[in-house]
Amino acid sequence: MTDDVTPAAGKPAGQRAVWALTGARLADGSTVDVLVAAGRVRAVGPDAASGPAAAAAGLREGHVVDAAGGLLLPAFVDTHVHLDKAGIRPGLDTGRRYPGSANPGDLAWAIAATHEAKRAYTVESVAARAVEVVEQHVQHGTTRIRSHVDVDTIGGLTPLLGVQAAARACADVADVVTIAFPQEGIARDPGAADLMVAAMEHGADVVGGMPHWEDGEAARRAHVAFCFDLAQRFDADVDMHVDETDDGDVRTLATVVEETERRGWHGRVTVGHVCALAAADHAYADDVVAGCARAGITVASNPVTNLVLQGRGDRGLVRRGTTRIRELMAAGVPVAFGQDCVDDAFYPFGRGSMLEVALVSAHAAHLTTPAELGTALAAITDVPAAAWRLGPEYGVVPGARADLQLYAAPTWPQVLRLQDAPRSVWRAGVLVATNEVRRTLRP
Ligand SMILES: [Zn+2]
């Protein structure tokens, strides 16, 4: 996919402290006006730009944007991305084979290849690459980003400090929060446990993990317990990489469910990838999916990366690399879609477009009916917002922070199909990006 998007000049009305949109279509098909004041959605309805609420807020003529029947969405939330690794691919030797990994391009290869890049990281180099990807996200309608940052004895706290620097540099256009992610394991990487504590002390927001990377069941259980101990100590949410492997016998998801319930961490736990669930037997899958629903666990599925990463050992029927998305959704488990990777050792594509992520994920998960397309939208909006526990802060509803995006096309299925970037993106009521698409045919 090529990026046919160029930033537009000008200073539309949607840059004022009090402004309104008229004639916007919501995802439910209704047409409304939206009044924004002091960074928040003040009113949504047929007369929100002309009624008493508008007058009371001090809306002035000329501070009104004509949505022209375009789709208005809350800005996207990318709840699973690795900003510290983004953009390292051009510097990697992608043809080289690594010990123990005969398949350049698989997960083990990608982790090994990343080691070399990680050794050379500086706070400045990580920050520069992360800023680029955050800005791509904003340009494509995402204003909230949760980034895993590697915490291990190779890179120390450099990835965290780099992404935090990027977060500060981009604080005017996006909220970037961090997950302390022990990419090399905890038992397997002596010293990582202390670094995880240090990362939380240095302001990492969420506790990450990767239990399936440990050797043996006992170490995997200890890894999960360590992460929950840390989460309790810092009163933090948990967001782990779970069972990102084709091996259906790897079942750390069950341990995560168990710990979530035992510690009362309901609604505060996200599990990423969960590819092994697709290869597991149905009895285990039914049981653990029900457990996720019970424990209020969110699944962050990342089909764009896993489609190219997993199933590489299969012949004939090649696994899709995605978890049981439809089964999870049917069981009431919230499923989010993340970008995961951008131009790194794991994935050579990505441009911070959650619209692209939703389209690819819909293909991978067989989401095609109108209701199913709605779940693809929820997977990049309401579901991750709920996982962040944003509550009434999020959405096109009165009181929410005005993180909004306006499209030219009128409906979500059309927006998803056509893949044009949003005309305008606002964060906290402030215009932070615009896109103009210019096309000519037989010019
Ligand atoms: Zn990931």
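This is a predicted model: local features need pLDDT of at least 70, side-chain atom pairs count only at pLDDT 80 or more; totals for chains, interfaces and linings use all residues.
Which residues of helix 4 are buried? They are Pro159, Leu160, Gly162, Val163, Gln164, Ala166 and Ala167. An α-helix has 3.6 residues a turn, so residues three or four places apart point the same way. Helix 4 itself covers residues 158–169, which makes 12 residues. From its first C-alpha to its last it reaches 16 Å, close to the 16 Å expected at 1.5 Å a residue.

Now step back to the whole protein. It is divided into domain 1, made of 13–74 + 395–434, and domain 2, which spans 76–366. Their C-alpha centres lie 33 Å apart. Where the two domains meet, domain 1 contributes 19 residues to the contact and domain 2 contributes 17 residues. About 1400 Å² is buried between domain 1 and domain 2, with carbon and sulfur atoms giving 56% of that area. On the domain 1 side, Leu416, Gln419 and Arg427 lose the most area to domain 2, and together they account for 35% of what that side buries.

Next, let us look at the nonpolar cores. The largest one has 107 residues, and Phe337 and Trp412 are those with the most contacts inside it. This core draws at least three residues from each of domain 1 and domain 2. What is tryptophan 412 in contact with, leaving aside its neighbours within four places in sequence? Its partners are Leu71, Leu73, Phe76, Leu355, Ala358, Leu373, Gly374, Ala376, Leu377 and Ile380. There is also a second, separate core of 17 residues, and Trp19, Leu21, Ala24 and Leu431 are among them.

Finally, find the zinc ion. It is coordinated by His80, His82, His241 and His273, each through NE2, and by Asp340 through OD, at 2.2 to 2.6 Å. Along the sequence these donor residues follow the spacing H-x1-H-x158-H-x31-H-x66-D. Histidine 82 lies in the loop between strand 6 (76–81) and helix 2 (107–119), while histidine 273 is in strand 11 (residues 269–273), so the pair ties together parts that are 191 residues apart in sequence. Are histidine 82 and histidine 273 buried or exposed? Histidine 82 is buried, and so is histidine 273.

Notes: Residues are numbered from 1 along each chain as its sequence is written. Side-chain values use heavy atoms; hydrogens and water are left out. Helices (H or I, at least four residues) and strands (E, at least two) are DSSP runs, numbered from the N terminus. The expected span of a helix is 1.5 Å times one less than its number of residues. Buried means under 20% relative accessible area, exposed over 50%, partly exposed in between (1.4 Å probe, protein chains only). A nonpolar core is a set of buried Ala, Val, Leu, Ile, Met, Phe, Trp, Tyr and Cys residues joined through side-chain atoms within 4.5 Å. Domain bounds come from an automatic or database domain assignment. Contact means heavy atoms within 4.5 Å. Donors are N, O and S atoms within 2.8 Å of the metal (3.2 Å for Na, K and Ca); water is not among the atoms, so sites may look incomplete. Buried area is the accessible area (1.4 Å probe) that two parts lose on being put together, summed over both.
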